[in-house]
Structures are given as C-alpha cells and as structure tokens.
Amino acid sequence: MKAGPERVLLDRYAKRLAAIAPGLGFSQIEWREVPEGRAGRAEERKAEEARALRAAAPKGAKIVALDERGAALSSAQWAAEIGKARDGAVPAYAVIIGGPDGLDADFRVSAHAVLSFGAMTWPHQLVRVMVAEQLYRALSILAGHPYHRA
C-alpha cells in the first residue's frame, strides 16, 4: 500500500490491533500481500492470485474470503466468529481480499467463510482499512472495551 491517508488509517488500526491482541489470546497480527496476477485473461489472473493467496495463508488458518456475494455479518457477529475460532484453537485466522478481478471461484468455495462489506465495489486501499478497523472492533468487543457502542 502506498503512502497516503489510507496508509495512515491502516497503520493506526494495525497498531491498535497489535496492542489489544495479546491480552485476548491472539499471538500476533500479520499483514501479507501477494502480487497481482500477470496472466492475460481475468480467470487466469484470479487462479494465479488464488495460488499465491493459498501459499501466503498460515498453515491451518481459518480462511475468510471477502466477496460481495458473501454473508453480511454485524460487527458483533463477526467478533463472535473470531472468538469461536480462537476458542477452538484455530492456529490462525486469515482474512483474504481478492485482486482487481475478484476472487477465483474455486478459492471462494474452498474458504471456510465468505463475508461481504456490502454489494458495492470498494477500492483495495479502503478495504484494507475497513478490515483492520473491523478486526480492531471485533477484538474490542471480545475485550468488553467501549470502542463498539452499538
């Protein structure tokens, strides 16, 4: 992600996540990016990106793909899902954002869960910030912190 206001927001939430996570039983927060596919056709690019995403995901991770066709959870519902994964001794929880062409259909089907931030298309820079903020919100909910006031 390039420098700019989106990067500042991402860094803010990443710092907050890193501070709250250990006290809730989460050992670390990592951000991994894979390069955009270079194939000529969109389907080939998505398949190429899917291979890279699978390789980048931690071993044994619960894979949560973001896609406009996914389930729309409330922040409290997502917090509960993250808490279940933690309490179920899932070694890692990976939130996957697809490339510009979206996620490969096979990857989406193989994900443990598919979530949506709505039917609209969002720029990747903003989606990263939204993921970071919602993860921080989820951990705040799990901690009983007053950040989430809904």
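**Labels and their cut-offs**

Modeller: Let me start with F117, which counts as partly exposed because its relative accessibility is 27%. Buried means under 20% relative accessible area, exposed means over 50%, and partly exposed lies in between (1.4 Å probe, protein chains only). This is a predicted model, where local features need pLDDT of at least 70 and side-chain atom pairs count only at pLDDT 80 or more, while totals for chains, interfaces and linings use all residues. Residues are numbered from 1 along each chain as its sequence is written, and side-chain values use heavy atoms, with hydrogens and water left out.

Biologist: Why is W78 called buried?

Modeller: Its relative accessibility is 3%. The limit for buried is under 20%, so W78 is buried.

Biologist: How many aromatic pairs are there in the whole structure?

Modeller: A search finds three. One of them joins W78 and F117.

Biologist: What makes W78 and F117 an edge-to-face pair?

Modeller: Rings of Phe, Tyr and Trp (its six-membered ring) pair if their centres lie within 6.5 Å; planes under 30 degrees apart are stacked, over 60 edge-to-face, and the rest tilted. For W78 and F117 the centres are 6.3 Å apart and the planes are at 70°, so the pair is edge-to-face. W78 sits in helix α3 and F117 in the loop between β3 and α5, so this pair ties together parts 39 residues apart in sequence. Helices (H or I, at least four residues) and strands (E, at least two) are DSSP runs, numbered from the N terminus.

Biologist: Why is the pair of Y136 and Y147 edge-to-face?

Modeller: Their ring centres are 4.8 Å apart and their planes are at 70°, so edge-to-face is the label. Y136 lies in helix α5 and Y147 in the segment after α5, so the pair ties together parts 11 residues apart in sequence. Both Y136 and Y147 are buried. With Y13 they form one aromatic cluster.

Biologist: How do you know that R45 forms a salt bridge with D101?

Modeller: A salt bridge is a side-chain nitrogen of Lys or Arg within 4 Å of a carboxyl oxygen of Asp or Glu. The closest N and O atoms of R45 and D101 are 2.7 Å apart, so the pair qualifies. R45 lies in helix α2 (residues 42–56) and D101 in the loop between β2 (93–97) and α4 (105–110), so parts 56 residues apart in sequence are tied together. R45 counts as buried at 17% relative accessibility. D101 is partly exposed at 30%.

Biologist: What makes E81 and K84 a salt bridge?

Modeller: Their closest N and O atoms are 3.4 Å apart, and the limit is within 4 Å, so the label holds. Both lie in helix α3 (residues 75–87), three residues apart, about one turn of the helix.

Biologist: Is K84 buried or exposed?

Modeller: K84 has 54% relative accessibility, so it counts as exposed. E81, at 27%, is partly exposed. Elsewhere, salt bridges that share partners join D67, R69 and R108 into one network.

Biologist: How many salt bridges does the whole structure hold?

Modeller: The search finds 11. Another of them pairs D11 with R7, with closest N and O atoms 3.1 Å apart. D11 and R7 both lie in helix α1 (residues 5–20), four residues apart.
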